[in-house]
Amino acid sequence: MSQELAQIAQLAINGMAIGAIYALVALGLVLTYKATEVLNFAHGDVLMASSFVGWGLIVGLGWPFWLAALTTVALAAIFSWFVDARVMRQIVGQPQFAGVMLTIAIAFMLRGLVSMSFGPESRNYPTPWSGQKTEIAGVVIADLSLVIIAAALLITLVLFWFLKKTALGVAIQAASQNQLAAYLSGIRVKRVTSLVWGISGAIAAVCGLLLAPIALVDIGLWIVVLKALAAVVLGGFGSVPGAILGGLLLGVIEQFAGVYLPDGFKDAMAYLVLIGVLILWPRGLLGEAHGRRV
Amino acid sequence: MRFHYDTSYHDGQTLLRYPVGRIAYAALLLALLVVPWVLPKYYVGEMSYVFIMCIASLGLMTLVGYTGQVSLGHSAFIAIGAYTETWMLSQGVPFGPSLLIAACLSGVIGLVIGLPAIRVSGLYLAMVTLAFAILTEHTIGHWKGVTGGFNGLSVGNPVLAGFDLGGLKPFYYLCLGVLVLVLAGLLNLMRSKTGRAFMGVRDSEAAAYSLGIWVAGYKVLAFVISAMVTGLAGALLAHHVRFLTPEGFGLILSLELVLMVTIGGLGSLRGAILGAVLISMLPTFISRIKPMLPEHISKQFGLEIFVFGLVLALFVLFEPKGLNGRWIKFRTFLQTFPLYRKDMFKRGKSYMKSERYK
């Protein structure tokens, strides 16, 4: 394989790995948005907080990786469940802006709590795959990247199976489409929406645990939620498959922009994509047609 | 209890209808004029900063509170105002015109960002402006020729007609003067045809449209006015901080501005001022009470942002009308003294206006 092709393949794989994270974060955002019409700005901070909790359990308390990971995911799920059931429910019926502000407030509080209890330094923790590499057809890939892609694939498949095939999953879809109709057919809408928030929190925790070994455990990790927003918009707002596709694409676009465009474009790419798509092509890749009723 | 009983057109047109209000605001202005001679130096500087934030908050309130367009990117306009002012001064443009140019350039950028507002609204607009703010910060960091990049840029002294306004007291009066001018301008704007159109667009686009209001035009106009006022605040802020770095105009500043208008109470200029005063004083207040807290809390970073979040959450949950709503309740309590009832301002049941397309 020629050098150039190898480089392109390398970039694509790296982009897919980081894009898989964006896709998962975007997936969490879309799930809660569809269920409660709240754009959860605290999502990135749940992710950041769970990577800190993961660090605390693995390095601080010396727990084995898998046990620590499971505990962290469970904690994040319970936390998100309570955020919906106890906090977000108070402002149901108020304009969307109130929801945005409340999630920003929760985000601020989480960020403050994490930096008060852990301190602002960056840190790292070992995973079973740290530092190992695999070579496939002349392209060297870090095992961590493969694990991330695999995890993203697994979570997406399980989630799709859950939403399509199980009774609870169908109930979630029904509650997301029309709360009143769902309620009248005997679905416990409040509990179901809280469950969606819980699932979304759990996904955020998985992302946090996977992202931390590549990007270090740091307060700044929350910024990934902004990248995920770009992914959501690129894929089409409110579409679950779109979020996945948008995330993967965005990751790849970023990697290529880092190499082929001038310095500084890599970090700005996500936001350029966001603005460009929203203005020129608001439907996104797989979005439903936009329309507003008067 | 006070009843409106107008005996001439003039009564309906004055800004301050009653002698009580006139006396109160005159006293407030007088107190603010005396402040620099009474308070210690540190607080005079802080007050100038509060005034600048009030101007910026008024600018954002025009957009979010009066036209209902949420912008999470107003730090960008502050940055544009600040850097334009600094660059103009370094090019030899005198201080007065440089302020105007900074405001106008910010307004032009506001026009460019406001144009998409015709196509995208609500959450989407919030996201566009958010992305714009981040991009502006990036651009400032990488455009080293003009902005000095991450090394920063020092700001020239504001000299107006041979008189240096950079000193503590002159700068205080400069900020106060600009604030009063902006406030008076916006107060009158909101009572005019334009302001009424803004509110019409906010409350129902369809209704405004069917009344013959040019919705798209007024949306963009609100963006331009808002950006100009915010840019003006940015130009003043440049003189307050004296040394510009891109980090100073990050996302957190945007969010602080949105915090100000939300906590102040959307749709009221008084709210914008109250919110700006509260939020810009909060860090000083926190650093004051830090020594009283137990050491393991006060030593840590992050207390400030936690308190910001807590205050915002409490307001959204328990007082959605913000400080202005609180103030109106208090005023009504005084005016109707023995007759005030707790449920006078009870919120009616409201139902979510879903944006789902069915």
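# Notes on a two-chain predicted model

1. Let's start with one residue: Y172(B) is buried, since 21 other C-beta atoms sit within 10 Å. Here, buried means 20 or more other C-beta atoms within 10 Å of the residue's own, exposed means 12 or fewer, and partly exposed is anything in between, with C-beta atoms placed from the backbone. Y172(B) belongs to helix α9 (residues 168–191) of chain B. Helices (H or I, at least four residues) and strands (E, at least two) are DSSP runs, numbered from the N terminus. Setting aside neighbours within four places in sequence, Y172(B) contacts P36(B), V44(B), M47(B) and S48(B), where contact means that the C-beta atoms, placed from the backbone, lie within 7 Å. From Y172(B) to T139(B) you go 33 residues in sequence and 31 Å in space, C-alpha to C-alpha.

2. A quick word on how to read all this: the model is predicted, with local features needing pLDDT of at least 70 and side-chain atom pairs counting only at pLDDT 80 or more, while totals for chains, interfaces and linings use all residues. Residues are numbered from 1 along each chain as its sequence is written, and chains are lettered from A and ligands numbered from 1 in the order in which they are written.

3. Now try Y66(B), in the loop between α3 (41–64) and α4 of chain B. Is Y66(B) buried or exposed? Buried, because it has 26 C-beta neighbours inside 10 Å. Not counting residues up to four places away, Y66(B) touches M61(B), M190(B), G195(B), F198(B), M199(B), R202(B), A222(B) and G267(B). There's also S268(B), which is 202 residues from Y66(B) in sequence but 7.9 Å away in space, C-alpha to C-alpha.

4. Which residues touch the most other members of the largest nonpolar core? They are V25(A), L274(A) and I55(B), out of 208 residues in that core. A nonpolar core is a set of buried Ala, Val, Leu, Ile, Met, Phe, Trp, Tyr and Cys residues joined through C-beta atoms within 7 Å. Ignoring neighbours within four places in sequence, the contacts of I55(B) are V178(B), L179(B), V182(B), V229(B), L232(B), A233(B) and L236(B).

5. Where the chains meet, 41 residues come from chain A and 40 from chain B. On the chain B side, the elements giving two or more residues are α6 (116–119), α7, α13 (251–264) and α16. The biggest giver there is α7(B), with 11 residues. By class, the chain B side has 29 nonpolar, nine polar and two charged residues. (Ala, Val, Leu, Ile, Met, Phe, Trp, Tyr, Cys and Pro count as nonpolar, Asp, Glu, Lys and Arg as charged, and the others, Gly among them, as polar.)

6. One helix pair spans the two chains: the axes of α4 (residues 96–118) of chain A and α16 (residues 303–318) of chain B come within 7 Å and cross at roughly 150°. Axes are lines fitted to C-alpha atoms, for helices over the stretch in contact, and angles run from 0 to 180 degrees between N-to-C directions. That is why α4(A) and α16(B) are roughly antiparallel (over 145 degrees; under 35 is roughly parallel, 65 to 115 roughly perpendicular and the rest oblique). Residues making this contact include M101(A) and F108(A) of α4(A), and F306(B) and L310(B) of α16(B). Its residues split into 18 nonpolar, two polar and one charged.

7. Within chain B, α4 (residues 74–90) and α7 (residues 123–142) have axes that come within 8 Å and cross at roughly 30°. This makes α4(B) roughly parallel to α7(B). The contact is built from S75(B), A76(B), A79(B), I80(B) and Y83(B) of α4(B), plus F132(B), A133(B), T136(B) and I140(B) of α7(B). Seven of these are nonpolar, two polar and none charged.

8. E37(A) has a phi near 55°, a positive value in a residue other than glycine, and lies in the loop between α1 (3–36) and α2 (43–60) of chain A. E37(A) counts as partly exposed because 19 other C-beta atoms lie within 10 Å. R242(B), not a glycine either, has a positive phi of about 70°. With 12 C-beta neighbours inside 10 Å, R242(B) is exposed, and its loop runs between α12 and β4 (243–244) of chain B.

Key. Two residues are in contact if their C-beta atoms, placed from the backbone, lie within 7 Å.
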